[in-house]
Amino acid sequence: MFFSLDPAPPSRRTGFISLTSLSCAPLAFPSFSSLPAQLMRCLRGLQLLLAMDDCPEGTRVAVGVSLCDSAPLLWRHQDLRQVRSEGLVGALLGSLPRTPRQNGRLGRPLLLLPEEERLLSEQGAAAALPAAEQDGGRADLRLQVEQYEVEQQSSHEEQSILALEDRKSALVRAMSSPGAQSDEALWGRLEALDQSFTFPRSALAVQLSTARSGLSYCPESRAFLQADWPIRTQGGSRREVTYQVFRDLRGRGFYLTSAGKFGGDFLVYPGDPLRFHAHFIAICLPLEECLCLLDVLAVARLGSNVKKTVLLCSPGTDGTVRYTSLQWSGMV
Amino acid sequence: MADQNKTDTAGKLYNEILSPSELFAARSRSHKIPVRGQKDFFPNDSDEQRQRLEQSLNEHWSLVSEERVERLGNLVKGIWIPSDQIVELQSPAGKFWQTMGFSANAKQCLLPEEALYLMECGNLQVFYRDLPLSIQDGYERFLSSKTISLQQYQVFGHLKRLGYVVNRFNPSSEPSPYMRQLNLPQSRDSAGRQLKRKRSTSPTLSSSHTKARESHTERMEEDECSHEGEKKSTQASPETPGVSTATTRSADEGKGRNWWMTDVLPEPGHRSDHSLSSGSSRWDFRSIVFPDLGSREQLSSCLASPDPSLLPEALAVGACDFALWRQRINLRKVNMSSKDWKREEDKLRRGWDVNKDEEVRRCRNWTEYMELMSRREAKRKGRPAHLWNREVTPLHDPREPISTGELLEKISVIKPTNLLEGASRLKGGDEWRICFNVYQADTVADFKKSNPGKPYARMCVCSFDGPVPDLRAIKLLTFQSGDIPVVFAVVDYGDISFYTFKDFQLPLDVFP
């Protein structure tokens, strides 16, 4: 087994691992020598975009996070959009309203990774939403129930009118298209429809809300909530290491998702995961940690099998992160 | 761009309540999911790429922001009861009742995970204090340490969406290993179910749930045992098999309950009194000869009529001509290959019995036998005797014949083991437990909640952050699960992977 610490000429012919040290700022793509420049441009573009998004302090709306069984979940689609615009992907957990019985595409809520949660709260961009139990008093409740019933009633009336109009226009279309039909007949039919039409309660379309309604709807209360984000202890030095790496990679414009199924900490995407494949599997280790050679071989082999490059990421003492890419390379 | 965004959000910030006209329009909504195109390898700053990304994102957001809209008539209404952590249905349940829910106090109820899943599917509207709960409320109220965790619900939902039938696993409703060993029918499952759902302690109400499937006798049994079901089940434990068999046998034999499978032999004591009671002892089977029709030796083609004393009265059986029967049976001689012969011989040798030894049989008394033994001992002295004189002796005497397989077994240092070995002696831990029974999707049509049958697998939920189960945990879970595979559902934020640990028998390339 040979190891070279210089960028080795990559080859698809398998056999050897090359360790490439990538401590310098932009990430190099060992197998695509022409790309770094493009990547740099793209990164600069992204940074610019981020800077533009950075509204002046105070006007920026915090994302409302609510805890479910101690997991940070986002519920409102505006919040989802906002974190995505900041390059945080998260993971959707719920059934998709449109076609609930499939696992291919899921819907709200969005679960934040611990690193994403921490990044948001450090930037003051997240606020905890009040727990469900903090309801108003009995009188308040009665008021709400009354309001709900009134709303249902008016919705029924309005939908009933809409349904009648719908029917009428269908009738007019049906009777006018074949041609020779007298106006009187049409009017008679319409009249009859007006008389006989009923819109049964069971036909009423109702909404099964995804997010809880109430207090959190107005931006002022959200800004107010920004302050009391509970400080949640995030366990251990390992989390610290992964967070440093996450923040650094995100700062370079990469999109990250968790990489449990690839045996790593993060999957690293060059752009939005909706449009791009992940290029790297990031594995976070403290700088001083010893690595078992077999483990290195295992991750390198796995990475090459899924056509991704394995990155060993170790935060240094000076706030920078050192990256080492691992790749099988050929020796003829 | 940022400005545009801001005005947009200021206009209808977090307005996720649909207006009546929007609700009405939602009836003719498409149910198609846009296909995701081929992904690009690398962002190249081109307009084309930016457009595609924008389109994908738009599709994504329109999917994700879509609200559930259902006809009121299609919704089942339920009420959340926090004190019991269940949802009680107010209108008749839908099709889902075949695989989900339970009855208690003559009401149809759903477990929180079932209710939440049905809310997400748009089948159920749950009210609390006369107000409808949102999906968010459902997640926050239904999932807790008192019910199931978010991760467990993720696994539940994932499997349900794939079409599996998923039930909570309840260790007390599983037959004990002893019951499994005896092949006892699972008559207690309904009682166990009732115990699990604490709300129905009254036996009369519980019978409404168990329906006509149960005979009258079983219901009576339930009456006496439903309050002390625990006690009863311990009675059937290995310590007192005599007691339980005696009582159940006398009680149930008349009602046609088959407690013993025919291939499981009861203890000798039981057998003897059984045969006595049936009065079969007057037949000495050694003296009753059954004809061997396939025999090579030429029998006369006619069987004499049997001893009339063996037949019931008033039944006469004449001589029987069996030539016709002989034509119908296979009379070909069994051709054994040399290998088969060797195997037969080996079998004989292994089942070696001192009484089969011709020389031993010729001995007429102990003295002669002892003489024979000492003679043989002297003969055996031919082996290197000094090896047997010391504390450490050879594992095997080369003069004794032995098959290769047996020899390998004899000299093996590490004995093979299996997952269940010693598992019954392990004390249970708390950190690993089975959460769900999973039944295959294609059995949904004839699935019965009262008699679900054998699960396809059992699920244990854990996360990538936690430890890998150790051998002890795997042994315990396997033992608890019996012959049904235990699958570990490992949750990694949004992803769920399934793993299972299996026994593996190393093949032995030795014959025989």
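Two residues are in contact if their C-beta atoms, placed from the backbone, lie within 7 Å. This criterion is applied here to a predicted model.

Chain A has 332 residues, of which 36% count as buried. Its secondary structure comes to eight helices and 13 strands. Among contacts in chain A between residues at least 6 apart in sequence, 57% join residues at least 24 apart.

Five strands of chain A form an open sheet with the order S5-S6-S4-S3-S7, and the pairing within this sheet is mixed. Strand S5 (91-94) and strand S7 (126-128) of chain A lie at the edges, each pairing on one side only. From one strand to the next, the twist averages 45 degrees. Within the sheet, strand S4 (residues 71-74) and strand S6 (residues 107-111) of chain A are antiparallel and are paired over two bridges. Leu73(A) has Leu111(A), in S6(A), as its bridge partner.

An unreviewed UniProt entry lists Tyr269(A), His277(A) and Lys308(A) under "active site". These residues are spread over 40 residues of sequence, yet they cluster in space, with a largest C-alpha distance of 10.5 Å.

Tyr269(A) belongs to strand S10 (residues 266-269) of chain A. Because 23 other C-beta atoms lie within 10 Å, Tyr269(A) is buried. When neighbours within four places in sequence are left aside, Tyr269(A) is in contact with Phe254(A), Tyr255(A), Phe276(A) and Ala278(A).

Lys308(A), in turn, is placed in the loop between helix H8 (293-305) and strand S12 (309-315) of chain A. Lys308(A) has 20 C-beta neighbours inside 10 Å and therefore counts as buried; the cut-off for a buried residue is 20 or more. Residues up to four places away in sequence not being counted, Lys308(A) touches Ala278(A), His279(A), Phe280(A), Ile281(A) and Gly303(A).

In soluble globular proteins, nonpolar side chains tend to be buried together. The largest nonpolar core in the model has 112 residues, and those with the most contacts inside it are Val268(A), Ala282(A), Leu311(A), Met459(B) and Cys460(B). Beyond its neighbours within four places in sequence, Val268(A) is in contact with Leu249(A), Phe254(A), Leu256(A), Ala278(A), His279(A), Phe280(A), Ala282(A) and Leu311(A). A second, separate core has five residues, among them Ala205(A), Val206(A), Leu23(B) and Phe24(B).

The contact between the chains takes 71 residues from chain A and 69 residues from chain B. On the side of chain B that touches chain A, several elements each supply at least two residues, including helix H1 (2-11), helix H2 (20-25), strand S1 (68-71) and strand S14 (495-500) of chain B. H3(B) gives the most to this side, with nine residues. By residue type, the side of chain B that touches chain A divides into 30 nonpolar, 19 polar and 20 charged residues.

Strand pairing also links the two chains. Strand S8 (residues 205-208) of chain A is joined to S1(B) by four bridges, and the two strands run antiparallel. Within this pair, Val206(A) stands opposite Glu70(B) in S1(B).

Conventions. Residues are numbered from 1 along each chain as its sequence is written. Chains are lettered from A and ligands numbered from 1 in the order in which they are written. This is a predicted model: local features need pLDDT of at least 70, side-chain atom pairs count only at pLDDT 80 or more; totals for chains, interfaces and linings use all residues. UniProt positions are given in the numbering used here, feature names are shortened, and annotations may be inferred rather than shown by experiment. A residue is buried if 20 or more other C-beta atoms lie within 10 Å of its own, exposed if 12 or fewer, and partly exposed in between; C-beta atoms are placed from the backbone. Ala, Val, Leu, Ile, Met, Phe, Trp, Tyr, Cys and Pro count as nonpolar, Asp, Glu, Lys and Arg as charged, and the others, Gly among them, as polar. Two strands pair if DSSP finds at least two bridges between them. Axes are lines fitted to C-alpha atoms, for helices over the stretch in contact, and angles run from 0 to 180 degrees between N-to-C directions. A nonpolar core is a set of buried Ala, Val, Leu, Ile, Met, Phe, Trp, Tyr and Cys residues joined through C-beta atoms within 7 Å.
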